[in-house]
Amino acid sequence: MAKVQIYGADWCPLTLGFRKYFTTNEIPYELLDVEKDPQAEASDRAMNGGKLKFPMVVIGQVEGYWKPGDDAAVLKNPKLAELNGALGRYGFGVA
C-alpha cells in the first residue's frame, strides 16, 4: 500500500504547510524530522546527493525510510499540481 512521508523539520513553515494540506485533505502521512531522526536525515541526504534539503515529500511504496530503488515519487518542495499528480498516481484522492 502506498503511503506519504514528509522529510522536514517541525519548525519549518513549508513542512507545516504540507502537513496542513494533507490533514485538510484527510491524507494520512508520516512526518520524519531530519533534525531529530538520524535515519530520516540519512534518507534525505540520499535523495539530495549528500545535501540536507527539505521539505521532501515521498509518495509510494516505501517500507520504513526511503531508499534508492523504492517505487515512490520523490518531490522537493513540490508545487500543488506536481504534488496532486503524484498523489493521484499512487491512489490518493484530493478534494
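N77 sits in the loop that joins β4 to α3. In this predicted model, the phi angle of N77 is positive, about 40°, although N77 is not a glycine. How exposed is N77? Its relative accessibility is 33%, so N77 counts as partly exposed.

There is a second residue of this kind. E26 is found in the loop between α1 and β2, and β2 covers 30-33. The phi of E26 is near 55°, again a positive value in a residue other than glycine. The relative accessible area of E26 is 71%, and the cut-off for exposed is over 50%, so E26 is exposed.

One peptide bond also deserves a stop. The bond from F54 to P55 is cis, and its omega is near 5°. P55 belongs to the loop between α2, residues 38-47, and β3. As background, most residues other than glycine have a negative phi, and most peptide bonds are trans.

Now the chain as a whole. Which elements does it have, and in what order? There are three helices and four strands, and from the N terminus they run β-α-β-α-β-β-α. Contacts between residues at least 6 apart in sequence include 56% that join residues at least 24 apart.

Next, the overall dimensions. Along the principal axes, the C-alpha atoms fill a box of roughly 35 × 30 × 20 Å. The radius of gyration is 12 Å, and a compact globule with 95 residues would have one near 12 Å, so the two agree.

On to the interior. Of the 95 residues, 42% count as buried. In soluble globular proteins, nonpolar side chains tend to be buried together. Here the largest nonpolar core has 15 residues, and V4, F22, V57, I59, L83 and L87 have the most contacts inside it. At least two residues of this core come from each of β1 (3-8), α1 (13-24), β3 (56-61), β4 (71-76) and α3 (80-89). Another core, of ten residues, lies apart from that one, and includes L32, A40, M56 and A72.

What does L87 touch, leaving out residues up to four places away in sequence? The list is V4, Y21, F22, I27, I59, F92 and V94.

Last, the surface and the charges. The chain exposes about 5,200 Å², and carbon and sulfur atoms supply 55% of that area. There are 11 positive and 12 negative side chains, and the centres of the two sets lie 7 Å apart.

Note on methods. Residues are numbered from 1 along each chain as its sequence is written. This is a predicted model: local features need pLDDT of at least 70, side-chain atom pairs count only at pLDDT 80 or more; totals for chains, interfaces and linings use all residues. Side-chain values use heavy atoms; hydrogens and water are left out. A nonpolar core is a set of buried Ala, Val, Leu, Ile, Met, Phe, Trp, Tyr and Cys residues joined through side-chain atoms within 4.5 Å. Buried means under 20% relative accessible area, exposed over 50%, partly exposed in between (1.4 Å probe, protein chains only). Contact means heavy atoms within 4.5 Å. The radius of gyration is taken over C-alpha atoms; the globule rule is 2.2 Å times the number of residues to the power 0.38. Accessible areas come from the Shrake-Rupley method with a 1.4 Å probe; for residues, only the protein chains shown count as cover. Lys and Arg count as positive and Asp and Glu as negative; His and the chain ends are not counted. The place of a charge is taken as NZ of Lys, CZ of Arg, CG of Asp or CD of Glu.
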